[in-house]
Amino acid sequence: MGPKKKPQKGNQQGGPVKMTRKEKALAKKIERERWREVARRMEQERLQKEVEAVAKAKEEARIAKETHDAWVKAEEDRLTAERNSMKEFYDWRKAEIIRIEAEAKEASDWKRYLESSRLPHASNEAALNTFLDVMRETFDQELEPLMETLIDIFMVATGAEEICLTREQKGDAEGVAIYRSYMQRLYDLADWRLDQTTAYLLHRSHEYWRDKQQNIFCAKAQNWKLAFWINHPKNPRFRMLDLPEVDVAMNLPKQFALANVAIRLQHRMADPITKSKNSYMAIGGTFVIDVLGIPPPSKIVKNWTLDQVSSTLSSLIRIGYPIPVIGQATPAPGAVLPIGVVFFLPDYIIHLNANPEVGWWDEEEEIWQTDGVTDILYEADSRKVSIQTTKAKTLAVIHNRVRQFPYLSWNIRPISEQGAVMTLVTPLLTFTIEIGIGWCKLLAPVFSECTSFAAEEVPPKVMLKDGELERFTCLDMAFAAPAFTIASSKWNISLDKDHCLVRLLEVPDPVAPPTLEKSKVVKTLNYTIKGSALAELSEKADSYSEVLLTEHHASLLLALKGNVLDESLQKVEKGNAAFTECVKDLAYALRLFSFGP
């Protein structure tokens, strides 16, 4: 018999060897360590990749920034070179405008010299300041000289307003602030002179009533109207205050009949209230109703006249309406009886409603309000307006100043190398304006109210705040006026505030100009603040889609070069500077791109 064989691990069928508990624990530990190592290496690789990705992103960003900065610098250098190449043109144009403005000022100064006006011109600040100081040293004691004084003050204020608008047109913010201050000082001066005379007349009104039984005083000059009713008679049956001298009538509530009050009426053709915070504006001046207290009368004692001594201005007592009654609460708005007022619209006022809107000036809110003004009736033949109002304040025929906005379309078509016609289409009307060398003239629509001044050649005025892109666009596109029709694009409304679109159509012969609708060679310029670029854009497409055909250039003269006839560019380069400046001023005054397509 041979040696005994040792028993083998595993089953007899050759299965795996059964491990002991220690061997299993050791195997699991080894496996865990192996997976930990795998996880550690994977995390290390991930972190390494993140570091490499961040470094790569930084490098790509650096390269992109350097590339962008290089492109921006190249663009700036290119546009600077273009602007430098245009310097001679701009210098010539600026010199021409300075020369033309100097000639116009010289002619205006000579005309004023020949007229020998006693009033200062607003451009002479020293004379204007002297006028303001001197007019504070005295006051008028009668209505007729007071009316002349008020008209003089507002004539000077009108001159200051024209200069203010011109400064605004040129972007002179400091000049605008200076002349707005002058305008306010002139308006305040007019109110001061009126109040001084009012207080003086009220103080003497007892004497007029005692000697002449007169308690109504009226004055009228150049469509300006002023009237006083001083209630000395105290007639309980008095209701109707009829003042045919100034074309005004009032139906007064019973409260006025026995009250110790006076009513002052003004109809001013000038409206110093220019900054209404809502959409209304006054047209045809303002109609002001003031309810004032009557100062105590003088007393005669033993042949002595005892008079109350006080400053004339401080003795002016503003009562207002409803008239306060001692011991009684202020009535609710619905319980206040209305005042009936009848007046006549000036013959140059246009309103597009069956009845004109009438409102009152809310000094606290600085807006025109319409509540409290009811039963407005208008007789077109006589232009008589009748209203009922619970507001004894500043009243006016008011107009919604945004009613004609937004514009539907516009174009500026040359009629010669020094003249053009603008057609402006609004939701209500189509306006046609002729543009000349330094002047504009309304051709259509024709209103009977405008016959006295419609044919006048007047400079354009600025109405709204500055917009740098719009100012630049209006300036640059105006250069094209001698040789191109300049028109709106319906896609302007689709663009943000940083872009403007302008369409151009060459007009070789102004006598027989091509039409925008039929022409297939209309050019479109896309304006940004850095310049203009030619763009491919269809007005007939259903959606906005634009392709820039050129880079942006410092001037349309460069953007159009090689894309239009040389003869057209020559007309642009030699265009009358005053004419193109007037085109620019009118376009900017109307804010064609802010309020239109």
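## A charge over a ring

In this predicted model, Arg 34 is placed over the face of Trp 35, at 4.9 Å from the ring centre. A charge sits over a ring if NZ of Lys or CZ of Arg is within 6 Å of the ring centre and within 35 degrees of the ring normal.

## Basis of the model

Residues are numbered from 1 along each chain as its sequence is written. The model is predicted, and local features need pLDDT of at least 70, side-chain atom pairs count only at pLDDT 80 or more, while totals for chains, interfaces and linings use all residues; side-chain values use heavy atoms, with hydrogens and water left out.

## Confidence and overall make-up

The protein chain has a mean pLDDT (the predictor's confidence in each residue, from 0 to 100) of 84, and 90% of its residues reach 70 or more. Helix H3 (residues 125-134) has the highest confidence, at 93, whereas E8 has the lowest, at a mean of 63. Residues 462-466 have a pLDDT below 50, yet this stretch has 16 contacts in the model beyond near neighbours in sequence. A contact means heavy atoms within 4.5 Å.

The secondary structure of the protein chain comprises 10 helices and 23 strands. Helices (H or I, at least four residues) and strands (E, at least two) are DSSP runs, numbered from the N terminus. Of the 597 residues in the protein chain, 41% are buried, where buried means under 20% relative accessible area, exposed over 50%, and partly exposed in between (1.4 Å probe, protein chains only). Among contacts in the protein chain between residues at least 6 apart in sequence, 66% join residues at least 24 apart.

## Aromatic pairs

The whole structure contains 19 aromatic pairs. Rings of Phe, Tyr and Trp (its six-membered ring) pair if their centres lie within 6.5 Å; planes under 30 degrees apart count as stacked, over 60 as edge-to-face and the rest as tilted. The pair of Phe 256 and Tyr 321 is stacked, because the ring centres are 5.3 Å apart and the planes stand at 20°. Phe 256 lies in the loop between strand E4 (248-251) and strand E5 (261-268), and Tyr 321 in the loop between strand E8 (304-306) and strand E9 (339-344), so the pair ties together parts that are 65 residues apart in sequence. Phe 256 counts as buried at 1% relative accessibility, and Tyr 321 counts as buried at 14%.

Elsewhere, ring pairs link Phe 89, Tyr 90, Trp 92 and Phe 479 into a cluster.

## A five-stranded sheet

Five strands form an open sheet in the order E3-E4-E9-E13-E12, with antiparallel pairing. Two strands pair if DSSP finds at least two bridges between them. Strand E3 (240-243) and strand E12 (373-379) are at the edges with a single partner strand each, so one side of each is left without a neighbour in the sheet. Neighbouring strands of this sheet are turned by 10° against each other on average, direction ignored; the axes are lines fitted to C-alpha atoms, for helices over the stretch in contact, and angles run from 0 to 180 degrees between N-to-C directions.

Within the sheet, E4 and E9 run antiparallel and are joined by three bridges. Asn 251 stands opposite Gly 340 in E9.

## Strand E22 and its partners

Strand E22 (residues 531-536) is mostly covered, with five of its six residues buried. Strand E21 (residues 523-528) runs antiparallel to E22 and is joined to it by five bridges; the two form a hairpin with two residues between them. Thr 524 stands opposite Ala 535 in E22.

E22 is also joined by two bridges to strand E23 (residues 547-548), in antiparallel fashion. Here the bridge partner of Ala 535 is Leu 548 in E23.
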